[in-house]
Amino acid sequence: MDWPSLSSMTKTLRVVLEIGKKRRVVAGAMDWPGLDRWGTSEDDALEKLLSYVPRYVQVAERAGLGSAFERARRAEVVERVPGSSSTDFWGIAHVPSEIEREVLASRDLERRLDLLQATWAYFDDAAERIRGALLPGPRSAGRSHDQIVRHVYFNEPEQFSRKVEVRTPIDVVLTTDGLAAHRRAYLDAIRSYNAERKPARTWPIQFLIRRTAHHVMDHAWEMEDRDPAA
């Protein structure tokens, strides 16, 4: 199947809806990794996604894509995917779309990797900026600031990067140099897998990037939402 070119992608906010079996729908912006939200219906999920568009602007700008993101304001549902029980339980995408099974051209891959790196930078800045006790909240089971940071840094090698055989020890990602080295290795592995047209185990590369970026941004936004100074 022939998918739209990069230039046409950036003119609309292409959205995939993953529809859970009972109660949750996840809306994911295909071309903007990290911009995923869930709702209780298709309309609710789309509304939640669009409500986070202003917050995602900083990610796009960090990646040098602020102008392109500014043009992508008209949401267009391009695929509906049957979800799983995990979709309902977690409110997180668990089933790759058919679009995401396409192997990315090098230019398109680098664009997504620029955005992934921007989500990392956004999270790191939020973790440094927001200190002290966080307000109570339902997300993350009420984790503290330090617990959220550790969770994000630990979870990446434990759940995501190992799918492309990057198995960074936990103690390494807790150091500045170690985290930077882990991220470089992860990016290089993604490039290698994509060039060889290999999936990340059961996940296509596009889906791996999307899930990694979503996890980072979800917890960055959580810290902002629970910041007493906000």
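Predicted model: local features only at pLDDT ≥ 70, side-chain atom pairs only at ≥ 80, totals over all residues.
Me: Which residues of helix 9 are buried?
Reply: By that cut-off, relative accessible area has to be under 20%. In helix 9 the residues that are buried are Gly178, Leu179, His182, Arg183, Tyr186, Leu187, Ala189, Ile190, Tyr193 and Asn194.

Me: Nice. Which helices are included in what covers them?
Reply: Contact here means heavy atoms within 4.5 Å. The cover over the buried residues of helix 9 includes helix 6 (106-129), helix 7 (145-160), helix 8 (170-173) and helix 10 (205-225).

Me: How far apart are the end C-alpha atoms of helix 9, and what span should its 20 residues have?
Reply: Helix 9 covers residues 176-195, and at 1.5 Å a residue its 20 residues should span 28 Å.

Me: Is helix 3 parallel or oblique to helix 10?
Reply: Helix 3 (residues 53-62) packs on helix 10 at an angle of about 120°, and their axes are 12 Å apart. That angle makes helix 3, relative to helix 10, oblique.

Me: Which residues of helix 10 do Arg55, Tyr56 and Val59 meet?
Reply: Helix 3 passes helix 10 in a right-handed crossing. Arg55, Tyr56 and Val59 in helix 3 meet these residues of helix 10: Met217, Trp221, Glu224 and Asp225.

How values were computed. Residues numbered from 1 in each chain as written. Heavy atoms only, no water. Helix = DSSP H or I, 4+ residues; strand = E, 2+ residues; numbered from the N terminus. Expected span 1.5 Å × (residues − 1). Buried < 20%, exposed > 50% of the residue type's maximum accessible area, 1.4 Å probe, protein only. Axes fitted to C-alpha atoms, helices over the stretch in contact; angles between N-to-C directions. Parallel < 35°, antiparallel > 145°, perpendicular 65-115°, else oblique. Left-handed = near helix turned anticlockwise from the far one by under 90°.
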